[in-house]
Amino acid sequence: MSKVLYLHGLNSQLHSNRREVMQAMGLNVFAPHCDYTSNQNLLSQLLDEYDVDMVIGSSAGGLAGYYFSGLKKIPALLFNPALPFRHYIPHIPELPQRNSFLQIVIGARDLDVSPEKTFEFLKNEFNEDVPLEIHWINNLAHRFNIQIFESELRYFLHQIQ
């Protein structure tokens with residue numbers, strides 16, 4: 001059974017239906033409560049505490065998951081990651097060359113995290129050798145339903161098999 005670290009968004013938590021979908025797909029889910037605003041050592045604590053096979057994150061959890069997966073060299077599925085807000089995570093070490101699959105889901109109607117700024121961040125961060133897929137969904141806002149989650153997760157798991 002593969003182990004996944006699920007990192008929720010700002011002032012949020014893992015929804016039970018998402019946990020059920022992940023478990024139904026054979027994943028052992030670890031979903032700590034994360035205080036993104038006041039815990040200056042959150043990333044280093046997550047890196048020390050969790051030895052997992054993959055990470056899934058949303059919004060602020062997508063931002064943390066981006067760096068977690070890059071430093072651990074594991075695949076990541078990130079929904080509307082708050083990458084333009086990188087400055088909120090202090091003391092981020094330089095990421096090594098990414099060679100693990102990275103799937104980013106961006107909602108074109110996201111009003112909380114600018115989809116254009118997220119895309120610009122990714123465009124400047126990577127070259128064509130990086131195993132990256134960006135799934136741009138025109139009618140998706142910041143929040144996403146369980147059908148989107150399940151569909152993207154199924155695709156992600158197929159890609160990393």
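Phe 68 touches Leu 5, Leu 43, Leu 46, Leu 47, Tyr 50, Val 52, Val 55 and Ile 74, residues up to four places away in sequence not being counted, where contact means heavy atoms within 4.5 Å. The model is a predicted one, in which local features need pLDDT of at least 70 and side-chain atom pairs count only at pLDDT 80 or more, while totals for chains, interfaces and linings use all residues. Residues are numbered from 1 along each chain as its sequence is written, and side-chain values use heavy atoms, with hydrogens and water left out.

Two nonpolar cores (buried Ala, Val, Leu, Ile, Met, Phe, Trp, Tyr and Cys residues joined through side-chain atoms within 4.5 Å) are tabulated here.

| Core | Residues | Members include |
|---|---|---|
| Largest core | 32 residues | Leu 7, Tyr 66, Tyr 67 and Phe 68 |
| Second, separate core | 20 residues | Val 105, Leu 140, Phe 149 and Phe 156 |

The four residues named for the largest core are those with the most contacts inside it.

Asn 80 lies in the loop between strand 4 (76-79) and strand 5 (102-107), strands being DSSP runs of E with at least two residues, numbered from the N terminus. Asn 80 is buried, with a relative accessible area of 4%, since buried means under 20% (1.4 Å probe, protein chains only). Beyond its neighbours within four places in sequence, Asn 80 contacts residues including Val 105, Leu 140 and Ala 141, and a polar atom of the Asn 80 side chain lies 3.2 Å from the backbone oxygen of Ala 141.

How values were computed:
Helix = DSSP H or I, 4+ residues; strand = E, 2+ residues; numbered from the N terminus. Buried < 20%, exposed > 50% of the residue type's maximum accessible area, 1.4 Å probe, protein only. Polar contact = N/O pair within 3.5 Å; in protein donor to acceptor, adjacent residues only side chain to side chain.
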